[in-house]
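Work through the exercises below with the model open in a viewer. Each task is followed by a worked solution.

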Amino acid sequence: MEIIIADKAGYCFGIENAMKMVQDTLESGPEKIYTLGPISHNTQETERLADQGVTIIADEDIVNIDSGCIILRSHGVGKNIIEAIKKKGLPIINATCPFVRAVQKKVESHDAAGYQIVIVGNKDHPEVIGANGWCREKALIINDINQLENIERYDRICIVAQTTIIESRFNEICDAIRSRVNEVVIFNTICSATAERQAAAAKTAKEVEYMIVIGGYHSSNTQKLVDICKSHCEKTCHIETIRDLDLSEVMKYQKIGITAGASTPDWIVKEVLEGMEEQNKIAEENVVVEVATEE
Ligand code: F3S
């Protein structure tokens, strides 16, 4: 059996960095550790961290916390949230992804310079809510070209992107604004990690007979990987952990591919690999070698 692990499977740089900061804090930090929202969207990892004493809180809970430290996740938060934590005198571990922080800085500086900020993205996404919290005037959050009504009333616009937005949509919205507004400054702040993971998953799915996608059943980036892999490899399955894998089915194939969503920790991928290797060993030990004999 040959197992191919797709390039870029699992954590992106920003999430890996945030998880390391949580782990370092657990090993050396205060007794009480809070994260503003889940640091990872993986249920098993969230449960593992909860067992170690990491508590998830919402922004409105800050006022009720008097000790411990607060970790900001990779999506980042608005300036007002940071100020609220500082006001309580609580230490902050800032695990905002550097690429997200770059968006926040552009929003802050261009807002101060008098530009109307446009964020191309989903208004309900925590990263967009956080970036919007770095301008004094609220940003316009645009997710569709049909939301540009009266855009020409602004003289100067600065456009940034949610890091995970689809590039073609970003370009389409930028072109439409550019044709209607006097001065437009555009920062393509899209992060390439998602597109790279998807391209690598597609490449692996094309090469194998059976493809395993590991990640949360409610994770949208994992579901996207499943769809991409299915379009190249009919025998694609989506699992959260080794317990969901039909090992007897997998053993029917010689060439198997694996990829994982952006919030799937390495230890879950490792468990799947070990389970498959174990099953393969058992299968090999049980092989009955038949020697053909002449009648
Ligand atoms: Fe950062 Fe890109 Fe991941 S913005 S959190 S490295 S998807």
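**Exercise 1: Salt bridges between two domains**

Task: how many salt bridges cross the interface of domain 1 and domain 2?

Solution: In this predicted model, the interface of domain 1 and domain 2 has zero salt bridges. The test asks for a side-chain nitrogen of Lys or Arg within 4 Å of a carboxyl oxygen of Asp or Glu.

**Exercise 2: Describing the interface**

Solution: 
1. Nine residues from domain 1 and seven residues from domain 2 take part in the contact.
2. The size of an interface is often expressed as the accessible area lost when the parts come together.
3. On the domain 1 side, Glu240, Ser263 and Trp267 contribute 55% of the area buried against domain 2, more than any other three residues.

**Exercise 3: The four-stranded sheet**

Solution: 
1. The order is E1-E12-E10-E11, with parallel pairing.
2. Strand E1 (2-5) and strand E11 (236-239) are at the edges and have a single partner strand each, so one side of each lacks a neighbour in the sheet.
3. From one strand to the next, the twist averages 20°.
4. E1 runs parallel to strand E12 (residues 255-260) and is joined to it by four bridges. Within this pairing, Ile5 has Ile258 of E12 as its bridge partner.
5. Helix H7 (residues 193-207) lies across E1, strand E10 (210-214) and E12, at about 165° to E12.
6. Helix H10 (residues 266-285) packs on the sheet and touches E1, E10, E11 and E12, its direction making about 165° with that of E12.

**Exercise 4: A β-α-β unit**

Task: what is the handedness of the unit made by E2, helix H2 and E3, and in which sense do its strands pair?

Solution: 
1. Strand E2 (residues 33-36) pairs with strand E3 (residues 54-57) in the parallel sense, over four bridges.
2. With helix H2 (residues 43-51), E2 and E3 make a β-α-β unit that is right-handed.

Methods. Residues are numbered from 1 along each chain as its sequence is written. This is a predicted model: local features need pLDDT of at least 70, side-chain atom pairs count only at pLDDT 80 or more; totals for chains, interfaces and linings use all residues. Side-chain values use heavy atoms; hydrogens and water are left out. Two strands pair if DSSP finds at least two bridges between them. Helices (H or I, at least four residues) and strands (E, at least two) are DSSP runs, numbered from the N terminus. A crossover is right-handed if, with the strands pointing away from the viewer, the path from the first strand over the helix to the second runs clockwise. Axes are lines fitted to C-alpha atoms, for helices over the stretch in contact, and angles run from 0 to 180 degrees between N-to-C directions. Contact means heavy atoms within 4.5 Å. Buried area is the accessible area (1.4 Å probe) that two parts lose on being put together, summed over both.
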